[in-house]
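Morning, everyone. I'll take a few minutes on one structure. Have a look at it, and then we'll go through it piece by piece.

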Amino acid sequence: MDEKRLEYLVTAEQMKEYDRNTSEHFGVPSLVLMERAALACAQVILEKCGRKRERVLIAAGCGNNGGDGLAVGRILMQEGFPVDFWLIGERSRCSPETKKQLSILENYGRTIRSRAPEERYGIIVDAIFGTGLRRAPEGAYAEAVECINRSGAFVLSVDIPSGVCADTGKVYAAAVRADVTVTFAFLKRGLLLYPGASFAGQVLTAQIGITKESFLGKVPEAFTFPKGMPVPLPERKADGNKGTFGKVLLAAGSPGMEGAAILSASAVLRAGAGMARVLCEKEERLILQSAAPEVMLAVYERKEEDLAGGGEDPASAAFRKAADWADVIAAGPGLGRSEQAGRLIRLILTETAQPLILDADGINLLAQERAFLEELCRKRRKNPRPLILTPHPGELSRLTGKSVEEILSDPVSVSREWAARLNAVLVCKTAATVTARPDGACYVNRSGNSGMATAGSGDVLTGILAGLLAQGMEAFEAACAGVYLHGLAGDAAAARSSEYNVSAGRILEALDLVMKPDAVFTELFVPERQKQSSDIVRPLTLRNGE
């Protein structure tokens, strides 16, 4: 994957190390980084609130985050804003840089308050905690958070909203709800993962001098795609044919659940694959042919007497017959959890070698057979066959034995753990879908919207992933690109109407829009609230510096 197209996501510990490397290895003074961070925050306030010059409150903690905030207040003060400074905590506990900022303010004749001001403010800068917070704010700190949330002011959080975990997005008992968060150098994971993402407001990234050189070889394992990035699709050969672009066999659908097979197979073709074939019972044939005439079928007839007499399961027999035709296999959407479905999943996992996507009931059936699952984990350690699993939290809970709450509290760690155990790519489908690779690399998606929480949406994703795999993409790259593409299609569907009436069918239709040149998509089909959800803060020339 082209690293130049990625946007890294860092943990609090990684950011601390990169900050230290910049100062100690490269020699950039910490106070210089602090001033640049403050300038970026001041720029945002000037751009959003500069006309009125409303009264500003700087709520500063004792760490360097507080120092950033104090410097923001000084810059705004020099730009003509009335600014009050509130230090939460004891001065003796402040970091050296924050003590320096306090001293500078006092040299300018400013008073530092130690109690919550009673005045009304139009703007509040939240600089209480930075990325190092590991427990719920207590005492005066919790009161300060509540004071900010009750104020009704425009709130800018410095680096991350106070009370949000930078690594997991966990929200502690008290957390600031920001209108804008200006984060520094690299995005923090907790700004994309929920529920923290919903507290951050608009997220802006400011480059303050901590660059990729500061990794010193320790590159973050997590990343996302920049907003508006074109979908990394496989190249199309001008002289290709339907065989060139790949053949996908789907074990999907069952009586009463034919829609899952229709959505998945249609998405295979919409994603660019040449052919799709669905394993189906005879009674399903007419429904599938009518809804998706371009999809081929592998039809079997269920005969109870065959099973009673010890004969081969007709579904398994039909699948074996069709399997050699396929370049890629996808299994699970709408399949059900019958004994026949269970036999089919076991067959696919043990008797086929093509790249495989396992979704929905395919994962549920695997989770039911713990001994087989453990055996699969052992065998997968030496098996190079590409495998992608796409569970939602409930399915991942059944697979891992962890509660849904555990998974949602840290989806990155759970996804990485089970990607390694299964030697597979694992796609944990949440509001910010996490895609993990066995070596620990992981992608956090930020396309998509709440309207995509609708029946059939996951079936479309399965088809997209299968279609990309069939065109020759590597499994992890196909999973990242497919999740991103799926979310973009959901955004386009929502922009056409609203998030309230997005459906799986509309997501499928919107693929036509988002697989066109990127300029068409970003200009016309991004919901207004998402257009600047993670922009870069541009350099600013302040009035006094002209």
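Start at Thr-98. Setting aside residues up to four places away in sequence, Thr-98 touches Gly-61, Cys-62, Gly-63, Asn-64, Gly-66, Gly-67 and Leu-70. Keep in mind that this is a predicted model. Thr-98 belongs to helix 4, residues 96-107. Buried or exposed? Thr-98 is buried, at a relative accessible area of 0%.

Next, strand 6, residues 154-158. How many of its residues are buried? The count is 5 of 5, and the strand is mostly covered. Look at the side chains. Phe-154, Leu-156 and Val-158 point one way, Val-155 and Ser-157 point the other way, and all are buried.

Zoom in on one pair of strands. Strand 14 (residues 328-331) and strand 15 (residues 356-359) are parallel, paired over 3 bridges. Ala-330 has its bridge partner in strand 15, and that partner is Ile-357.

On to helix 12, residues 361-368. Why call this helix largely enclosed by the rest of the structure? Because 7 of its 8 residues are buried. Those are Asp-361, Gly-362, Ile-363, Asn-364, Leu-365, Leu-366 and Ala-367. What do they pack against? Strand 14, helix 11 (339-351), strand 15, helix 13, strand 16 (387-390) and helix 14 (393-400).

Take helix 13, residues 370-380, from that list. The axes of helix 12 and helix 13 are 5 Å apart, at an angle of about 100 degrees. That makes the two helices roughly perpendicular. From helix 12, the contact uses Leu-366, Ala-367 and Gln-368; from helix 13, Arg-370, Phe-372, Leu-373 and Leu-376. By class, that contact has 5 nonpolar, 1 polar and 1 charged residues.

Last topic: the cores. In soluble globular proteins, nonpolar side chains tend to be buried together. Here, the largest nonpolar core holds 63 residues. Which of them touch the most other members? Phe-225, Val-248, Leu-250, Val-278, Ile-388, Val-460 and Ile-464. Several elements give two or more residues to this core, including strand 11, strand 12, strand 14, helix 7 (258-270) and helix 17 (457-470). Helix 18 contributes the largest share, 14 residues.

Go back to Ile-464. Leaving out neighbours within four places in sequence, its contacts are Ala-267, Ala-271, Gly-482, Leu-485, His-486 and Leu-511. Apart from this core lies another, of 62 residues, and among them are Ala-175, Ala-222, Leu-389 and Val-444.

That's my tour. Over to you.

Methods. Residues are numbered from 1 along each chain as its sequence is written. This is a predicted model: local features need pLDDT of at least 70, side-chain atom pairs count only at pLDDT 80 or more; totals for chains, interfaces and linings use all residues. Side-chain values use heavy atoms; hydrogens and water are left out. Two strands pair if DSSP finds at least two bridges between them. Helices (H or I, at least four residues) and strands (E, at least two) are DSSP runs, numbered from the N terminus. Axes are lines fitted to C-alpha atoms, for helices over the stretch in contact, and angles run from 0 to 180 degrees between N-to-C directions. Angles under 35 degrees count as roughly parallel, over 145 as roughly antiparallel, 65 to 115 as roughly perpendicular and the rest as oblique. Contact means heavy atoms within 4.5 Å. Ala, Val, Leu, Ile, Met, Phe, Trp, Tyr, Cys and Pro count as nonpolar, Asp, Glu, Lys and Arg as charged, and the others, Gly among them, as polar. A nonpolar core is a set of buried Ala, Val, Leu, Ile, Met, Phe, Trp, Tyr and Cys residues joined through side-chain atoms within 4.5 Å. Buried means under 20% relative accessible area, exposed over 50%, partly exposed in between (1.4 Å probe, protein chains only).
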